[in-house]
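I opened a structure I had not seen before and kept short notes as I went. Here is what I looked up, entry by entry.

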Amino acid sequence: MKVALIGASGYIGSGLREELLARGHQVTALVGHPEKLPAQPGLSAQAVDVQDAAALAGVLAGHDAVLSAFSGHAQADVYGYYVAGMRNIIDATRKAGVPRLLVVGGAGSLEVAPGVQLLDTPAFPAQWKGTAEGARAALKLLQEEQTLDWTMLSPAADIFPGERTGHFRLGGDSLLTDAEGKSRVSVADYAIAFVDELERPAHGRRRFSVAY
C-alpha cells in the first residue's frame, strides 16, 4: 500500500516506519525535518505542518491510508497543540479523499475499573497528563466523525524499546495486564499490531488495545 505516516521520526512513529518498510509498503514520511531521516527503499520524506490543514490535505491526497503517530510532547501547550493537530489531520484526511485513518492512541483513556480510566487514577504520572488528555480528546473526535473509516490503537501503559516478539494480546477499551499485573508492550510489537490492522482491517470505526 501507499501510506502517509505523520510523525514518522518519533518514538512510536519510527517503529511504525520500520515495520511498514519491512513489509514492503510505500511510505511517505511526513515530518518536521525530513533531512534527518535516513534514505531507505520505499521511503520518501516530506516536511509538513499539521497545523496547516489545507496544505496537509494536498500532501495526503493519493494515498491508500493515513497513519498518524502525531504527538505534542515538545510543545508548551501539549494538550492544545495535540487536539488542534488531530482536528486538522481528521479534516485533511477527509478532504484528501483518503478512505482510512489509523491513529496511535494512548493508554490513559483505557478503563482500569468500570467507569474509571487510567488517566483519572492518582498514580498516573503528571508529566504525561497533557498528552494523555489530548489522546482521550482525539478518541472523542474520531468517535464523532461521520465519514472516515478510522481506527485507534492504544498501547499498554508501558511502551518501551524492546524485542520484536510477535506475541501479544489484543483487547478493547480496558487496560490489559499480564499475570503480574503489569501492562507492557514493546514499540516493535505495537508496530506489528498496528500494521496488521492496516493490512487486515478488523477494528473499523473503533479503538482497540495491545499488550503482553
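**Entry 1: E145.** I began with the neighbours of E145: leaving aside those within four places in sequence, E145 is in contact with I90, R94 and R205. For me, contact means heavy atoms within 4.5 Å. This is a predicted model, so local features need pLDDT of at least 70 and side-chain atom pairs count only at pLDDT 80 or more, while totals for chains, interfaces and linings use all residues. Residues are numbered from 1 along each chain as its sequence is written, and side-chain values use heavy atoms, with hydrogens and water left out.

Where does E145 sit? I found E145 in the loop between α4 and β8. My helices (H or I, at least four residues) and strands (E, at least two) are DSSP runs, numbered from the N terminus.

Is E145 buried or exposed? E145 counts as buried because its relative accessibility is 6%. The cut-offs are under 20% relative accessible area for buried, over 50% for exposed, and partly exposed in between, with a 1.4 Å probe and protein chains only.

I then followed the side chain of E145, which reaches the backbone nitrogen of T147 at 2.8 Å and the backbone nitrogen of L148 at 3.0 Å.

**Entry 2: R205.** R205, one of the contacts of E145, lies in the loop between α5 and β12. I noted R205 as partly exposed, because its relative accessibility is 37%. Most residues other than glycine have a negative phi.

**Entry 3: the sheet.** What is the strand order of the open sheet? I read off 8 strands in the order β3-β2-β1-β4-β5-β8-β12-β10, with mixed pairing. Two strands pair if DSSP finds at least two bridges between them. β3 and β10 (169-171) stand at the edges with a single partner strand each, so one side of each has no neighbour in the sheet. The twist averages 20° from one strand to the next.

I checked some of the pairs:
- β1 and β2 run parallel and are joined by 5 bridges, with V3 opposite V27 in β2.
- β5 and β8 pair in the parallel sense over 5 bridges, and the bridge partner of V103 in β8 is M152.
- β8 and β12 pair in the parallel sense over 4 bridges, with L153 opposite F208 in β12.

Why do I call β8 largely enclosed by the rest of the structure? Because 5 of the 6 residues of β8 are buried.

**Entry 4: helices across the sheet.** Helix α4 (residues 129-144) lies across β5 (100-104), β8 (149-154) and β12 (206-211), running at about 155° to β8. Helix α5 (residues 187-199) lies across β1, β4, β5, β8, β10 and β12, at about 165° to β5. For these angles, axes are lines fitted to C-alpha atoms, for helices over the stretch in contact, and the angles run from 0 to 180 degrees between N-to-C directions.

**Entry 5: α2.** In helix α2 (residues 53-60), I found A53, L56, A57, V59 and L60 buried. They cover an arc of only 165° around the axis, which puts them on the same side of α2; the arc is that of the directions from the helix axis to the C-beta atoms. On the other side of α2, A54 and G58 are exposed. What covers the buried residues of α2? The cover includes β1 (2-6), β2 (26-31), β3 (43-47), β4 (65-68) and α3 (78-96). After α2 comes G62, with a positive phi near 95°.

**Entry 6: R164.** R164 is found in the loop between β9 (158-160) and β10. Its contacts, leaving aside neighbours within four places in sequence, are E19, A188, D189 and I192. With E19 there is a side-chain to side-chain polar contact at 2.8 Å. R164 and Y190 are 26 residues apart in sequence, and their C-alpha atoms are 8.9 Å apart in space.

Notes:
Polar contact = N/O pair within 3.5 Å; in protein donor to acceptor, adjacent residues only side chain to side chain.
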